[in-house]
Amino acid sequence: MRIAVLGAKGIPASYGGFETFAEKLSIRLAQRGHAVTVYAESDQAAVPDTVYQGVRVRYRRRPAWGPASVLAYDCACLWDARQGYDLVYMLGYGAAWACWWPRVRGTPVWINMDGLEWARSKWGRLARAYLRCMEWVATFTATRLIADAEAIAQRLRRVYPGGAPSSFIAYGAEPVAEEGLDSSGLATWGLQAYQYMVVVARPEPENHLLEIIEGYRLHGGAWPLVIVGDVSGATPYQQRLLRYACDRVRFVGGIYDPQQLACIRSFAACYLHGHSVGGTNPSLLEAMACGNWVVAHDNPFNREVARDAADYFGTPQELANRLNQVVGQWHQWHTERSQRARDIVETYYTWDGITDAYEALMYAQCRPSVAPPRPANGR
């Protein structure tokens, strides 16, 4: 099949969840014989295509138009991809109105609906209204909606019963091998293995960092709380967070090196997860792939992913209670809880399994330009 993946900044991934997803999926589809193109941002016009691990990377200019630049970039990609593909897969629905362009020529368009993007606090009132409108528009411009959490797919079917059909295919994670880990890197942050708690998140209210800090302070334990994320004080919310900075509440900034991030996750006594508006959140899956004992915000998305491998909290006091239990039971239950988290990832969230699900749906819903190879037994 000829497949175009749009809506990411490009590959190899160096930014966020959509970029990692585009890289992991496209490489595996290319290895299976599909002709995959991933669109990538450029600050210049007429940048030639490149090839990354069998995937064509096609560059389109992103103009410097402030918040509107993302929309302009997505529209440029959609216009370029309006012909020549068997499937156009748009990651995100910000440019949903323009997803008609490939469909005019009969090309199916799938839209990945991500989480409740319109509910994120980083957007102003007008941007939220626009995104809420685009969520509705996507249900008509797409031939199929893709949700990375069943709870999101069910919501789409309930709220938009007359819209495009919704399918659930999860996000993936790479299992982190215990034997390949080295705790010596913790010295960078003055930490000792299994004697600290960690959270990895963007400093936004819907990620509940403030509530996590308040719950941790109510807990009052000796293990420090390490917050990984770009908390620079650039917003009033970040300024509130930084008021709690001390030796027990440590803001270490963003960590973008995969090995360093795996190190600080893997040797944490527990991982705190406050995300509440996403679907299958990558940081939660990555923590589970590291074998973390997870304490997560209580919402349908986190419960769907972590199942019984996590404890859950709704208020700072509930979090304090959970942390008291973690500290008191850590030596008794850590190994079992760690293995349970890894088992869930290896059962439901491997990238090969995610690719299998996408490939099956592609063959069921799209018309390939080249028929899939017949199995050796001829069936």
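The model is predicted, so local features need pLDDT of at least 70 and side-chain atom pairs count only at pLDDT 80 or more, while totals for chains, interfaces and linings use all residues. Residues are numbered from 1 along each chain as its sequence is written, and side-chain values use heavy atoms, with hydrogens and water left out.

The C-alpha trace of the protein chain spans about 60 × 55 × 40 Å along its principal axes. Its radius of gyration, taken over C-alpha atoms (the globule rule is 2.2 Å times the number of residues to the power 0.38), is 21 Å, which agrees with the value near 21 Å for a compact globule of 379 residues. Of these 379 residues, 53% count as buried, where buried means under 20% relative accessible area, exposed over 50%, and partly exposed in between (1.4 Å probe, protein chains only). The accessible surface comes to about 17100 Å², and 51% of that area belongs to carbon and sulfur atoms; accessible areas come from the Shrake-Rupley method with a 1.4 Å probe, and for residues only the protein chains shown count as cover.

The chain has 12 helices and 14 strands, taken as DSSP runs (helices H or I, at least four residues; strands E, at least two) and numbered from the N terminus. For contacts (heavy atoms within 4.5 Å) between residues at least 6 apart in sequence, 64% join residues at least 24 apart.

Helix α5 (residues 150–159) gives a local view of the packing. Its residues Ala151, Ile152, Ala153, Arg155 and Leu156 are buried. The buried residues of α5 pack against helices α4 (125–141) and α10 (300–306) and against strands β7 (144–147) and β8 (166–168).

On the surface, Trp100, Trp136 and Phe140 form a nonpolar patch with about 340 Å² of accessible area together. Patches are made of residues with over 30% relative accessible area and no salt bridge, with like charges joined within 9 Å and nonpolar side chains (Val, Leu, Ile, Met, Phe, Trp, Tyr) within 5 Å. A salt bridge is a side-chain nitrogen of Lys or Arg within 4 Å of a carboxyl oxygen of Asp or Glu. Trp100 lies in helix α3 (residues 100–104) and counts as partly exposed because its relative accessibility is 41%.

A disulfide is a pair of cysteine sulfur atoms within 2.5 Å, and by this rule the count is 0. The sulfur of Cys75 is too far for a bond, because the closest cysteine sulfur, in Cys99, is 8.6 Å away. Cys75 is buried, at a relative accessible area of 12%. Cys290 is also in no disulfide, with the nearest cysteine sulfur, that of Cys263, 9.7 Å away. Cys290 counts as buried at 4% relative accessibility.
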